[in-house]
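Below are some notes on the model for your review. Please read them alongside the coordinates.

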Amino acid sequence: MFKSILFISLCILALTILLNLYRVIKGPTSSDRIQALDSIGINIIASIGIFSILFHTRAFFDLMLLIGILSFIGTIAFARFIERSVVIERNR
Amino acid sequence: MKPNDVILQSVTKVAVVIIFTFSIYLFMNGHHNPGGGFIGGLSTAAAVVLLYLAFDIEKVRENIRIDFKKLAALGVLIAVCTGLGGVLFGEEFLTQAFGYKELPIFGKTELTSALIFDTGVALAVIGTAVNIILSISEDR
């Protein structure tokens, strides 16, 4: 019972990632693409959590933190790029 | 109009400390668990890039007085010298050694020569990653 619920939620998360991928490719503006990329990162973190429940392991917890940090920095960099068209400023 | 970065800069001041701590944890975890010099260096480089994003290049360069090109070269030098240490004792290149020592605070600790090699790898990765990102961001 519990395992089938986990499998169903994994399938729903995979479907969500596919829909987000459609938004990344097709998205009308670049803000839509950035939001979809951030949402893909969050969905990957959730699927890693479900995988570590399924496999009874704690080895992937570092990976969740790492993906969270990298997607945070990537979102900030993309947001800076569409707001000012310069990612790293030389002198403010 | 003057750009307003108050939220980003205040979040960065807290988050950079957490990311540096996490990268040190990943670096020290690498002997028996997932982690190691490469991924520890990459997450340190991510923290430095976050600093560059929130503040500007001049400000970070004033406060972190490290030449990242020299840091990468120093890392490769440390890694190669650790590998050559095995040759000095008549073993093959990159032979590793370990032993157990009583340290004051930690108690009985396993000390390895792979840790020094990993330090070299981490320094090389930090220097290379920050250098690549800085040279991509310079477009003029």
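1. In helix α1 of chain B, B:Ile19, B:Ser23, B:Leu26 and B:Phe27 are buried, that is, each has 20 or more other C-beta atoms, placed from the backbone, within 10 Å of its own. An α-helix has 3.6 residues a turn, so residues three or four places apart point the same way. The cover over the buried residues of α1(B) includes α3 (61–84) of chain A, plus α2 (37–54) and α5 (114–137) of chain B.

2. This is a predicted model; local features need pLDDT of at least 70 and side-chain atom pairs pLDDT 80 or more, while totals for chains, interfaces and linings use all residues. Residues are numbered from 1 along each chain as its sequence is written, with chains lettered from A and ligands numbered from 1 in the order written.

3. α1(B) covers residues 6–29 and reaches 35 Å from first to last C-alpha, close to the 34 Å expected (1.5 Å times one less than the number of residues). Helices are DSSP runs of H or I, at least four residues, and strands runs of E, at least two, numbered from the N terminus. A kink of about 30° is centred on B:Lys13; the bend is the angle between axes fitted to the seven residues ending there and the seven starting there.

4. Chain B places 16 residues in contact with 16 of chain A (C-beta atoms, placed from the backbone, within 7 Å). On the side of chain B that touches chain A, α2(B) gives the largest share, six residues.

Technical notes:
Buried ≥ 20, exposed ≤ 12 C-beta atoms within 10 Å, placed from the backbone. Contact = placed C-beta atoms within 7 Å.
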